[in-house]
Amino acid sequence: MIKNYLKLSKFGIVFLVLLTTLLGYILGPNFSYSVLCFLIAGIYWVSSGSFILNQASEHLLDSQMNRTKNRPIPKGVVSPDAARILGWLSVLLGLFLLMYVNILSVLLAVITILLYNFFYTLRWKKKYPYGAVFFGAIPGAMPVVIGYSANTSSILSIECGYLFLIMFLWQIPHFWSLAFHYKKDYSQAKIPVLPIYFGEDKTFFHIGLYTLSYVGLALLAPLFLNTSFIYLIIALPLCLKILFEYYCFYRQKNWLPFFSWLNISLLVFLSVPFLDQKMISFYLSF
């Protein structure tokens, strides 16, 4: 039962959501353990419920793809209606918990649910081979913003803007490299993704373009966040490693190393500024 729930709620992705939410929160100007507990609990239930609703909406598509046909709903372990009820109960519980954080976090969570479960899942994903990834990257970048919003009364800051953009840009090469590997599955389900509609050459061009944008923004982090040279010492070799793995991906069509280093890099680019800030504060205290 627990195993099916974890599959239904996409726990692996939920864990990343929680981690980026946490990093967004601790990069804010304040800190409270009680607020953090309600934030993490709320985001867990909101994101879990949102992914359950996503699977309930896409169970027919999932049944046509080798990668997803063994999910609980296509296998008949859980009915779509039962999943919808469970999803909505999870979402409502999460929103209730976020009310103990602040209204801004609740509002941002509601916007994220609407963008992901209604606009992206039901409309954009099935119609726009190029634009859907950008539309989908907006709710995908919101967890770090929600985390930041739990720590401040405003998200209209250059720091929060950077956090949103770094997650937004990361998702584009992340998704297209995944789509490249599973293009046969997407073709069977008739989901318009870049490798199917525009071919491999254009796909690699766009992956390379947004990878450059992503690592370029990461190297500019000191302009947006309170970081020192320590951040650049760590970020620069990692950026070069990502570009090298992209080159290998392009030449050898081996997607996994590039995909894996992208995921590692996001956590580094979000966590190192926090550690760097703590080191700066430590030295200034003497």
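Student: Which residues touch the most other members in the largest nonpolar core?

Tutor: The general idea comes before the case. In soluble globular proteins, nonpolar side chains tend to be buried together. In this predicted model, the largest nonpolar core has 92 residues, and L39, Y162, W176, Y214 and F269 touch the most other members. Helix α9 (residues 158-181) supplies the largest share of this core, 14 residues.

Student: What does Y214 touch, not counting residues up to four places away in sequence?

Tutor: With those neighbours left out, Y214 touches I166, L169, W170, I242, L262, S265, L266 and F269.

Student: Is helix α8 mostly covered or mostly open?

Tutor: Helix α8, residues 142-149, is mostly covered, with 8 of its 8 residues buried. They are M142, P143, V144, V145, I146, G147, Y148 and S149.

Student: Which residues make the nonpolar surface patch?

Tutor: W88, V110, L114, F118, F119 and L122 make a patch of about 510 Å². Helix α6 (residues 103-127) gives the most to this patch, with 5 residues. F118 is placed in helix α6, and its relative accessible area of 35% makes F118 partly exposed.

Student: How many aromatic pairs are there, and how is a pair described?

Tutor: A pair of aromatic rings is described by the distance of the centres and the angle of the planes. The structure holds 26 aromatic pairs. In one of them, the ring centres of F38 and Y100 are 4.9 Å apart and the planes are at 15°, so this pair is stacked. F38 is in helix α3 (residues 33-57) and Y100 is in the loop between α5 (80-98) and α6, so the pair ties together parts 62 residues apart in sequence. F38 is partly exposed at 31% relative accessibility, and Y100 is partly exposed at 49%.

Student: Why is the pair of F175 and Y186 called edge-to-face?

Tutor: The angle decides the label, because planes over 60 degrees apart count as edge-to-face. For F175 and Y186 the planes are at 65° and the ring centres 6.3 Å apart, so the pair is edge-to-face. F175 belongs to helix α9 and Y186 to helix α10 (residues 183-188), so the pair ties together parts 11 residues apart in sequence. Y186 is buried, at a relative accessible area of 4%.

Student: Which residues form one aromatic cluster?

Tutor: F180, F204, Y246, F249, Y250 and F258 form one cluster.

Student: How many salt bridges are there, and which residue forms one with K125?

Tutor: The count comes to 5 salt bridges. E58 forms one with K125, and their closest N and O atoms are 3.1 Å apart. This pair links distant parts of the chain, 67 residues apart: E58 is in the loop between α3 and α4 (59-62), and K125 is in helix α6.

Student: Are E58 and K125 buried or exposed?

Tutor: Buried means under 20% relative accessible area, so E58 at 3% is buried, and K125 at 15% is buried. Leaving out residues up to four places away in sequence, K125 touches E58, Y120, A132, I191 and P192.

Student: Where do D81 and R84 lie?

Tutor: D81 and R84 are 3 residues apart in helix α5, separated by about one helical turn. Their side chains meet in a salt bridge of 3.1 Å, N to O. D81 is exposed at 52% relative accessibility, whereas R84 is partly exposed at 32%.

Student: What does K183 form with E200?

Tutor: K183 forms a salt bridge with E200, with the closest N and O atoms 2.8 Å apart. K183 is in helix α10 and E200 in helix α12 (residues 199-219), 17 residues apart. K183 is partly exposed at 25%, and E200 is partly exposed at 32%.

Conventions: Residues are numbered from 1 along each chain as its sequence is written. This is a predicted model: local features need pLDDT of at least 70, side-chain atom pairs count only at pLDDT 80 or more; totals for chains, interfaces and linings use all residues. Side-chain values use heavy atoms; hydrogens and water are left out. Patches are made of residues with over 30% relative accessible area and no salt bridge: like charges are joined within 9 Å, nonpolar side chains (Val, Leu, Ile, Met, Phe, Trp, Tyr) within 5 Å. Accessible areas come from the Shrake-Rupley method with a 1.4 Å probe; for residues, only the protein chains shown count as cover. A salt bridge is a side-chain nitrogen of Lys or Arg within 4 Å of a carboxyl oxygen of Asp or Glu. Helices (H or I, at least four residues) and strands (E, at least two) are DSSP runs, numbered from the N terminus. Buried means under 20% relative accessible area, exposed over 50%, partly exposed in between (1.4 Å probe, protein chains only). A nonpolar core is a set of buried Ala, Val, Leu, Ile, Met, Phe, Trp, Tyr and Cys residues joined through side-chain atoms within 4.5 Å. Contact means heavy atoms within 4.5 Å. Rings of Phe, Tyr and Trp (its six-membered ring) pair if their centres lie within 6.5 Å; planes under 30 degrees apart count as stacked, over 60 as edge-to-face and the rest as tilted.
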